[in-house]
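This report describes selected features of a two-chain model. The sequence and coordinates are shown first.

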Amino acid sequence: MKKTLDGKKIGAGLAAATCSLLGQPALAQDAADAWQFDSAVLYYSEQDRVTAVEPVVRGKKQFQDESELELKLTLDTLTGASHNGAITSDKPQTFTSPSGGSTYEVTNEVPLDDAFKDTRVAANVQYTRPFSRTLRWTGGLNFSNEYDFTSLGLNAGLLWDLNNKNTTLTFGLAHESDTIDPVGGAPEGLTFQSDEVKTDGSEDRSINDFLFGVTQVINHRWIMQFNYNLSVSDGYHTDPYKVVTVVDANGDPLEAEGFGATNIGPGDAQIFELRPDSRTRNALYWENRYHFNRDVLAVGYRFMSDDWGITSHTLDVRYRFQFANGWYLQPHVRWYEQSEADFYKESITTSELTALQSAQDDVSADYRLGNLTDTTYGFKVGKQWANNQQLSLRVESFTQSGDSDASELDALITQVGYTFYW
Amino acid sequence: MKRRMGFVVALTVLGALTGCQNLGVQPWERDLLAKPVMTPGAADGLDDALDDHIYFSKEASSGGRGFGGGGCGCN
């Protein structure tokens, strides 16, 4: 995460591979036989923290045998600062940079690691093909690479149309294999950051997903989807760049040397976090789309719970005002709430540290595992032309709020999208 | 207990599917449903995928709409 991705080769290679697939001249110009390209650039900007610029292009083509090929390429450039896990204190705190090369001191502010910089390249291929009048199979590959992280995934699924195509059942399986290669090595959990006890080499994680979905037409205006998703993840889940502050009875940061650890400055009793080596998540998703005479209302709800003790609710509402000349305006509201993980602690005391270390128990002060309430609101405005070309602009405001100062976050989401056929 | 739960779930799914036979439209009534804006997962183009990535890296939840996956490093 510390250095710019030295991955020009990977990026260029992928681009070349995709271009050679996409670059073939379209045989016919009419939309039915052409590639559909969806492109977008997302600009995501947090106040005082991370900024991301993310261009995406997706090409879709339907063949005469009703099979469909989809190719997607995503680039993601991240810069800025990210919360390092420590408490916000009016006493000075000292941290080491992830590479171990330097230290930095923070007082009266949310401790941020400002060397956050990364570039991600992701590629997806998905192919769907009917093998009877009511059955289709689908298979896909995903690849994602960033400086300290590589992910490879494959998926397979079956889509089954029933009741005169008014009901579609989806069965899906996915496997993903992740390799995490932290800058400066993977820290040993629960040890002091100032001691820099780290192991060289990479860490692994594998995820198996199961998805069952029912899509149901209710009437000629209303369609509904219901999904169940089970996700089982095994391996390294710890965030190698996050610490937990050890505090005294007043809640002030303690000194590492008080525990026999290396002294690098004031308030340096910061231990590396440690998370469980497995996680099982269950998610239920319910989506409704209703077409009024012109406008469309879409309401989505997700319930998720996992064996880390986290439960979450997500509500997503969009309303599309459709105007006669191809223009539309779509307000969007999203509301999200989660409960904290069992091992989440904003900070720990000396006795808690002793207990954690003797039992090798899990602890994390990452605010994203604490209680959270998030709201997003904004709008999208778009125009569709007669040749199905489409241009859109999305502007949204995203706010997070939880128990700690670090969880108070404001971000702006801006996105320009363009769809064309070629 | 688990077997009973399985039985109840199977019965519910079966009941729902049987019930679904009374829902729906004839092929010639699909004018509105055929629009991309009425297709779950495709109505808003790339928005869903971009949103999933943003929220996945800022919240402890993922999946539901599609596969959860392990996604990115996302600090």
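The sections below treat the chain contact, the strand pairings and several individual residues.

## Contact between the chains

The model is predicted. Where chains A and B meet, chain A contributes 74 residues and chain B contributes 33 residues. On chain B, the side that touches chain A draws at least two residues from each of two helices, helix 1 (2-20) and helix 2 (47-58). Helix 2 of chain B gives the most to this side, with four residues. Sorted by class, the side of chain B that touches chain A comprises 16 nonpolar, twelve polar and five charged residues.

E287(A) lies within strand 16 of chain A, which covers residues 278-291. This glutamate is classed as buried because 22 other C-beta atoms lie within 10 Å, and the threshold for that class is 20 or more.

Beyond its neighbours within four places in sequence, E287(A) is in contact with M224(A), Q225(A) and G300(A), and also with P40(B) of the other chain. The C-alpha atoms of E287(A) and Y301(A) are 6.4 Å apart, while the two residues are separated by 14 residues in sequence.

Strand 12 (residues 203-219) of chain A pairs with strand 9 (residues 167-180) of chain A in the antiparallel sense, over 14 bridges. Within this pairing, L173(A) has F210(A) in strand 12 as its bridge partner.

Strand 12 of chain A is also paired with strand 13 (residues 222-235) of chain A, in the antiparallel sense and over 14 bridges. Here I207(A) is bridged to S233(A) of strand 13. Strands 12 and 13 of chain A form a hairpin, with two residues between them.

Y236(A) belongs to the loop that links strand 13 and strand 14 of chain A. With 18 other C-beta atoms within 10 Å, Y236(A) is partly exposed.

Apart from its neighbours within four places in sequence, Y236(A) is in contact with I180(A), E203(A), D204(A) and R205(A). For one of these residues, R205(A), the C-alpha to C-alpha distance from Y236(A) is 5.3 Å, at a sequence separation of 31 residues.

## An open sheet of three strands

In chain A, three strands make up an open sheet in the order 15-14-20, with mixed pairing.

Strand 14 (residues 243-247) of chain A runs antiparallel to strand 15 of chain A, and three bridges join them. V243(A) stands opposite F272(A) of strand 15.

## Loop residues with positive phi

Most residues other than glycine have a negative phi. D48(A) is not a glycine, yet has a positive phi of about 65°. Its place is the loop between strand 1 (36-46) and strand 2 (51-62) of chain A. D48(A) counts as exposed because it has 12 C-beta neighbours inside 10 Å, and the exposed class takes in 12 or fewer.

N108(A), likewise not a glycine, has a positive phi of about 65°. This asparagine is found in the loop between strand 5 (103-106) and strand 6 (112-130) of chain A. N108(A) has 9 C-beta neighbours inside 10 Å and therefore counts as exposed.

Technical notes:
Residues numbered from 1 in each chain as written. Chains lettered and ligands numbered in written order. Predicted model: local features only at pLDDT ≥ 70, side-chain atom pairs only at ≥ 80, totals over all residues. Contact = placed C-beta atoms within 7 Å. Nonpolar A, V, L, I, M, F, W, Y, C, P; charged D, E, K, R; others polar. Pairing = 2+ DSSP bridges.
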